[in-house]
Each structure stands twice: as C-alpha cells, then as structure tokens.
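Reader: I would like to learn how to read a structure of this kind step by step. Could you take me through it, feature by feature?

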Amino acid sequence: MISHTKSTTGPRHLSATAIVIAAATAAALLAGCSSSSDSSSDPSASSSGGGSKPKDPLAAPAAGGTVVVGSNNFAESILLMDVYGEALKAKGVKVSYQPNIGTREVSYGLLKNGSVTVLPEFNGSLLAYLDKSAAPTSAQAATAAIEAKLDPKLTMLDPAAAEDKDSVTINAATAAKYHLTSQSTIADLAKVGSQIVVGGSPEFQTRQQGLVGLKSEYGLVPKSFKPLDAGGPLTVAALKNNNVQAADVFSTDASVAREKFVVLQDPKKLFGFANVQPLVSKAGLPAAGVAALNAVSAKLDTKTLLDLDNQVQNQKKDPLDVAQAWLKSVGLS
Amino acid sequence: MSIFQFISDFFRDSAHWHGQSGIPHRTLEHLQYSFMALGIAAGIALPVGLVTGHTGRGGNALALIATAARALPSYGLLVLMFFWLGIGLTPVMIPLVALAVPPILVNSYEAMRTVEPSPVDAARGMGMGPVAVLFQVELPVALPLILSGLRSAAIQVVSTTAIAATVSLGGLGRFVIDGLYQRNYEIVVGGATLIAGLALAMIALFWLVERLTVSPGVRGGR
C-alpha cells in the first residue's frame, strides 16, 4: 500500500503523507477518548494505557507528592479550583493548578489517568454524564449512585450545600410585592400564580423540569409563559424589565446578585441536584487533603457561592484573591 | 427520516390544526406582523421615494440611508431593541421596518426618475397641473417598478418575521424555534415549509395586484 503511493506523482505522494499524519492524529485522539469511555468494562486497561506514556503535555502524570487541582472552562469552576487549592495549601499540601481543562469529557479522563487529582464537580450533572437514567431523590442517593458508576480509582468527597442548577427565580419587584425571600419556596409563589408570567427556554413549556413539574409538584399554574432562551441574556433581560415576574435562571448566575433576583427554594427537588462536590483520585490525595476539602464543603452554601461568583464575574476580582479572602473569613486558611 | 416524511407528519397531525398554537392561528399572527411592518415601511418609504424621485433631489442622501438600513442585521437589532424595550410588538417591528424600507424607497425613487419625459411633456402641453401629472401620468407609468419594490420587501419581511418567536411572540417562527429547543424536527421542518410557502404566496399576491392595477398600456409596454 505504502510502496504503491510512493510510486505515484509528487502531489499525490504529498497528500498521501498528509492522510497518514491525519490518520495517526485521529488514532491518538480516539485512543484518548476511548480511555475515558471504556473504563467501566475494564478499568485496569485504561490505567496502564493512560498513565504510562503521556500523549500530550496535559496528560503528564503529577510529580510525586503534588496534588493537581483542575477546573473546567467556566468562571465558577475556576473559582472553586482556587478555593480547593488554597484550602489544601493551608493544610500543608503541595498544590499545582490545571485550570481551563475544557468539558467533563476531557477532565474526567485526566482524573482517571492521574494527571489531575482534584476537580470541582456538580453531582447531578456528573451523574447524568455517568448514568443517564438515574433519578436520585436525595444528595446522598446522588453521591451513592455516582460512586457506583465511578472509575474505581476515583471517589466523591462530601457534597456542599451550594447548588448551581435550573431554578424558579423572581425579580426584586415581585419579591417585594408578595413578600417572598430566598427562604420562600416555589409553593409560596404558586399561591399568587395567576398573576405571574413565567419566562424560560421554549422546552420549559413541555418538559417535566418545567411547567409540567411546576404544576404537578407545586400547583404553580402561571398566568402565561414567555418562551425566551435557556437562562441566557434574553431571559435575564425580561426578568429585569419585569416583562416576566419569574424565570428559569441558573441558581448562581452572575445576574442573580447583580439584579437582586431571588432564587426560590425547591424542596421537592424538581430541578434535581447540582451540589458542588469534589471529585478526587483516591491515591493522589493525602488524608489531610480529604479533611481540608470536606471542611470547605461544610461551609459552602448557595448564598456564599453566589457572593463569590458575584465578586469574580460582576466586580471582576481575581478568583484566587476571592478564594483566599473567603477561606480566611471562615477560618480555613 | 426524510424531510418529506417530516413535512407530511407535521401537516397530518390534527393537533397542529387548532388552538392558539395551531397552524391557522400562527399563520394569521405571522401575516399580521408582516403586513403591519410592511404597512409602516410603505407609509415611510413610498412618500419619500415618490417625492425625491419626482423632484430629482436628495438621491444621494436616499442611497446613503438605504445602504445603511440594508447593513443592519435584523436579529441583532431585534435583540438590542428587546433589551431596551422588553417584550412587545415594537422591538419586532423596528428591525422588520428597517428591512422593508430600503427596497421600497430605492424602487419608488428609481421608478419616478425613469418615467419617460415625453408623456409628461405631452400631459403638461395638454394643460394638466402638477398634481394631475403626478397621479395620472407619472404614477401609473412608474407603478410596475414601485410594486416590484413592495414585492421584494414583502418577501423579505415574511421570511424574517420568524425571528419574532425568539423574543416570545407568535407567528410561524414559533414552530421553528420551539422545535429546535425541543429537538422536535418535524415541527421545525413544518414551520419552515409554511414560511417558505407564505413567501411564495407573496409573489403570487403581487402578481395579482400588478394584473389588476397596472394599466394595460404600460404593461404591454413596447
């Protein structure tokens, strides 16, 4: 085959070389992908394949004794990475950072091969990634369900109370008018539902985690529904302008603090779980580190996370400074 | 699944034929937004185009305005107006009118400019006043070109009115946007088919209007 291509003309030969290079690159990429997906069937294979010979700089295993704290590529993940890393440093653990890894597809693979030791995760989203059919009814059940599907070299530490998920969020005017606070539930809003216009993404109208569930779980039947975007700028603008009084906004969205929106409580867990929870590699993290991260989770609730997100995303402060200041304020540094 | 399968499933589903989100109601909404925008645009652009074309003054300024309006991205303008004005018909009307004005303006200006001078002279020679010359000679001669401007505006507006759905209004765009978010491609394809059908219907409508209004002498031409 190769000898055949060699005998052909110059440009043909060049393109054949290009194809070989492309094929080799694709093979390497595929190998990287498969190591993250076929682990459940054969964990030992992936550990020997991933860890032994690095394919790219990111995949290099951590130097002995250093804990690598990673993050995915969004502001909140980077902030949580700094919080975890600085908390570990305070307990004398050697830390290096690996921010902006990308999406879960990539970061999960790096944890499995040992290149990253600690990653801030959201339990509901991670579970949905590992097992699409799971429908846990409590944060503990969610953790248990994740552990069952997780690579044996990895484990989840304690979940924090802080959650970033779909929510029913009302604007400041509505909160004042009906005397609702961040302690109020969606059921409290349902009492005045006939005066409330709800905004959200168009599929919110038809799915269980939307108008259907709001009616069956909380008896909330709004006056009308305005299809906009998925927690994006249009929804936020409509809520801000009081075109809609309630909307599906992510519970720690930067706009919540900026516009003084109120995220209503969801005691029936219609919107599932999205607790901040450290995903760690068992071998890489010393006992002192486990204790340090569990101490962070014990202190981190949604209000705190909102405040920290606000400092980073609205006030444009450096996430590392924000993390250090918060750890100091709660006595973890 | 083929596109034709999607289309036939969409139109066969009886649930799509009645109620607030049925095809007749959505089509009516779509036409309502479109003709409203077209009416406003014609109200602005026709008089300006006719007067400037008649007097022959302000052609450069006109070309400048038309080019600038053509460069405005409709969706961007819509989102901007939405942030400013909130949910309502006005933020949708502004980009649609901006879209419809240039073809009407430019065509009516050109139509008046290119009316042959000989019939106008003849009319003046017969003792017709300026108003009579405008309405009985210049306008009938210019009508085909004016209508063609209105027609292209109508086609563009009918196609673009779909963006109203992104800011929670109705119209046929509702099918496309909702279908995309709900991953229901049958609705997306069905909605797109209806919008394309309406655009074609505009061509038919203007062909009919032209048959009825343009004088046979002008139509027969040369």
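Author: A definition comes before anything else: helices (H or I, at least four residues) and strands (E, at least two) are DSSP runs, numbered from the N terminus. Please also keep in mind that this is a predicted model. With that in hand, consider residues 27-206 of chain B, where UniProt, in an unreviewed entry, places the feature "domain: ABC transmembrane type-1"; this span is 83% helix and 0% strand, and its end C-alpha atoms lie 19 Å apart.

Reader: How many helices and strands does chain B have as a whole?

Author: Chain B comes to 10 helices and 0 strands, so its pattern along the sequence is simply α-α-α-α-α-α-α-α-α-α. Taken along the principal axes, the C-alpha atoms of chain B fill a box of roughly 65 × 40 × 25 Å.

Reader: Where does the record put the feature "transmembrane region" in chain B, and what is the chain like there?

Author: Such annotations may be inferred rather than shown by experiment, and the entry here is unreviewed; UniProt places the feature at residues 35-55, 75-106, 127-147, 153-175 and 187-209 of chain B. Among these, residues 35-55 are 100% helix and 0% strand, with end C-alpha atoms 29 Å apart, while residues 187-209 are also 100% helix and 0% strand, with end C-alpha atoms 33 Å apart.

Reader: How should I read the contact between the two chains, and how many residues does each chain give to it?

Author: The size of an interface is often given as the accessible area lost when the parts come together. Here I can describe the contact by its residues, of which 10 come from chain B and 12 from chain A. On the side of chain B that touches chain A, the elements giving two or more residues are α4 (74-85) and α8 (173-181) of chain B, and α8(B) gives the most, with 3 residues. By class, that side of chain B has 6 nonpolar, 3 polar and 1 charged residues.

Reader: Which strands of chain A does β6 pair with, and in what sense?

Author: Strand β6 (residues 197-200) of chain A runs parallel to strand β8 (residues 246-248) of chain A, joined by 2 bridges, and G199(A) has A247(A) as its bridge partner in β8(A). β6(A) also pairs with β7(A) in the parallel sense, over 4 bridges, with P227(A) of β7(A) as the bridge partner of G200(A). Between β6(A) and β7(A) the chain passes through helix α10 (residues 208-218) of chain A, in a β-α-β crossover that is right-handed.

Reader: Finally, at roughly what angle do helices α14 and α15 of chain A cross, and which residues make the contact?

Author: The axes of α14 (residues 302-313) and α15 (residues 319-329) of chain A come within 9 Å and cross at roughly 150°, and the crossing is right-handed. L308(A), Q311(A) and V312(A) of α14(A) make the contact with P319(A), V322(A) and W326(A) of α15(A); by class, these are 5 nonpolar, 1 polar and no charged residues.

Definitions and conventions:
Residues are numbered from 1 along each chain as its sequence is written. Chains are lettered from A and ligands numbered from 1 in the order in which they are written. This is a predicted model: local features need pLDDT of at least 70, side-chain atom pairs count only at pLDDT 80 or more; totals for chains, interfaces and linings use all residues. Two strands pair if DSSP finds at least two bridges between them. Axes are lines fitted to C-alpha atoms, for helices over the stretch in contact, and angles run from 0 to 180 degrees between N-to-C directions. A crossing is left-handed if the near helix is turned anticlockwise from the far one by less than a right angle, and right-handed if clockwise. Two residues are in contact if their C-beta atoms, placed from the backbone, lie within 7 Å. Ala, Val, Leu, Ile, Met, Phe, Trp, Tyr, Cys and Pro count as nonpolar, Asp, Glu, Lys and Arg as charged, and the others, Gly among them, as polar. A crossover is right-handed if, with the strands pointing away from the viewer, the path from the first strand over the helix to the second runs clockwise.
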